[in-house]
Amino acid sequence: MFTKLSLIALGLLGSLSPTRAATPVTYTSDAANSNLRIPLDTSRTSGPTVSNIFVDATFEICDVDISVDITHTWTSDLEIDISLDVDGPDPTTDPVDMIRLQYDDCERTDDLVVVFDDSSTNSLDGASEDEPLCDDNGVDVRPEESLSTFNGHQSTGYWTLHINDDAGADIGTLNSWSVILTPCEPITDGAGTGDPHFKTWVGEWFDFHGECDLVFIDSPKFGHGTGLAIHIRTKARYQYSFIESAAVQIGDSVLEVGEYGNYMLDGVSNAELEKMDDKYPVTHKKVNSKQHIFTVELGEGKQIIIQSFKDLVSVKTVGASPEEYRGSQGLLGEFGTGKWMSRNGTVMADADAFGNEWQVLETEPKLFQTNRFPQHPVKCSMPGPEREGRRRLGESTISMEAAEKVCEHWGDLKDQCVYDVMAAEDLELAEAGAF
Ligand SMILES: *[C@@H]1O[C@H](CO)[C@@H](O)[C@H](O)[C@H]1NC(C)=O
């Protein structure tokens, strides 16, 4: 993650090492699904407690661990199972699987604070209260049935912890719990937003402030050769730059989205939106007078989302998988690794050089209806020392202080939010969500 200082001083991110293996992602029970009595029924001392964690990200699972934090005065009263339900917290179909984590172990020991992990060498199976592990908090233990049953499934859905207290007298509390999922591929949602910032296939951000048309994604293998390409057009304003329009091509269909939700489908303004290439549904939602959201459904919950907030446009992929993007090229880097690949397959290290590498060439198909200067072979207009130098002074009608205040809750992305708000000259951008 870049520092604010580097953003202010340079206005762009310098080199970074864009390789990363898939790292586990932890999803923890929210307030409504934590601090639940065991059993849930307050009039009873035995019975079930059920708690859900909804995972909205979609990826293929390569490993699952489950951590639980349970307070209870007689651990062996508890039977604990985990399931994945794809169609809601009260599923109408059978769960993907119901895996037994723990069954009546540790006798009268207090509390169960463990991580169930297939690769653990510890086991509580059949343990008596003399087993020292029963008193350890935070230890990892093997579940009674293997969590590897979930491997190969898609992650999205309601992960449900089922706790049954099958004896009377003692009660307890499910304080919280987590699902820890390791994706098979590194996280695979790319994005181009605001000032403009780009997020590679492995989630690493970089800035590129050149003004030109750029290849965001080019994936000829998409849809068994149908092909999918996204071009973006960047624009400089004051000391900022942003994406002013984006064009998505699938097969022979092209959807172009610009400021204030203006769009064209196959060159026709405000055309009726139904399907792209007769197959991929596309919808347009006007959130309010400033914000519009276009969604292209690629199937199985995978999407391309283009938003406009006033005259700023953002593009992101949701739930990308190798079938759509393996072997693709463009600003999101190499699929699966996020490496900054050049057109000839070499790995690049400089953000400016990488951005310029993906300027749309004169030999490439043009996705935008109109040409705007500069077009290759004229190179992208890069911010000169003057534009960079003024970056921190701010000609925006929004003050840095005001922007920082509304962007406070953006965490790691606060700096990006601040520049987007100032470029858009609109504090409401900070509330527009993940623009
Ligand atoms: C490959 O592309 C990079 C980046 O544009 C360039 O610097 C390099 O010279 C190219 N190499 C070959 C062999 O064409």
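Student: How much of strand β24 (residues 312–318) is buried?
Tutor: Seven of the seven residues of β24 are buried, so the strand is largely enclosed by the rest of the structure. Buried means 20 or more other C-beta atoms within 10 Å of the residue's own, exposed means 12 or fewer, and partly exposed is in between, with C-beta atoms placed from the backbone. Strands (E, at least two residues) and helices (H or I, at least four) are DSSP runs, numbered from the N terminus.

Student: Before we go on, what kind of model is this?
Tutor: A predicted one: local features need pLDDT of at least 70, side-chain atom pairs count only at pLDDT 80 or more, and totals for chains, interfaces and linings use all residues. Numbering starts from 1 along each chain as its sequence is written.

Student: OK, back to β24. Which residues point which way?
Tutor: L312, S314, K316 and V318 point one way, V313, V315 and T317 the other way, and all are buried. In a regular strand the side chains alternate between the two faces of the sheet.

Student: And what does β24 pair with?
Tutor: Strand β23 (residues 302–309) pairs with β24 in the antiparallel sense over seven bridges, and I305 has K316 as its bridge partner there. Strand β11 (residues 191–193) also runs antiparallel to β24, joined by two bridges, with G192 partnered by V315. Pairing here requires at least two bridges found by DSSP between the strands.

Student: What's going on at the β23 and β24 hairpin?
Tutor: There are two residues between the strands, and K310 takes a positive phi near 50°. K310 is also one of the contacts of E259, along with E244, S308 and D311, leaving aside neighbours within four places in sequence. Contact means C-beta atoms, placed from the backbone, within 7 Å.

Student: Where does E259 sit?
Tutor: In the loop between β17 (253–257) and β18 (263–265). E259 counts as partly exposed because it has 15 C-beta neighbours inside 10 Å. E259 and Q307 are 48 residues apart in sequence and 9.3 Å apart in space, C-alpha to C-alpha.

Student: New topic: where are the cis peptide bonds?
Tutor: One runs from F373 to P374, with omega near -5°, and another joins H376 and P377, where omega is about 15°. P374 is in the loop between α4 (351–357) and α5 (385–389), and P377 is placed in the loop between α4 and α5 too.

Student: What surrounds the ligand?
Tutor: S342, N344, T346 and E357. Near here means a C-beta atom, placed from the backbone, within 6 Å of the molecule. The shell has no nonpolar, three polar and one charged residues. Nonpolar covers Ala, Val, Leu, Ile, Met, Phe, Trp, Tyr, Cys and Pro, charged covers Asp, Glu, Lys and Arg, and the others, Gly among them, are polar.

Key. Two residues are in contact if their C-beta atoms, placed from the backbone, lie within 7 Å.
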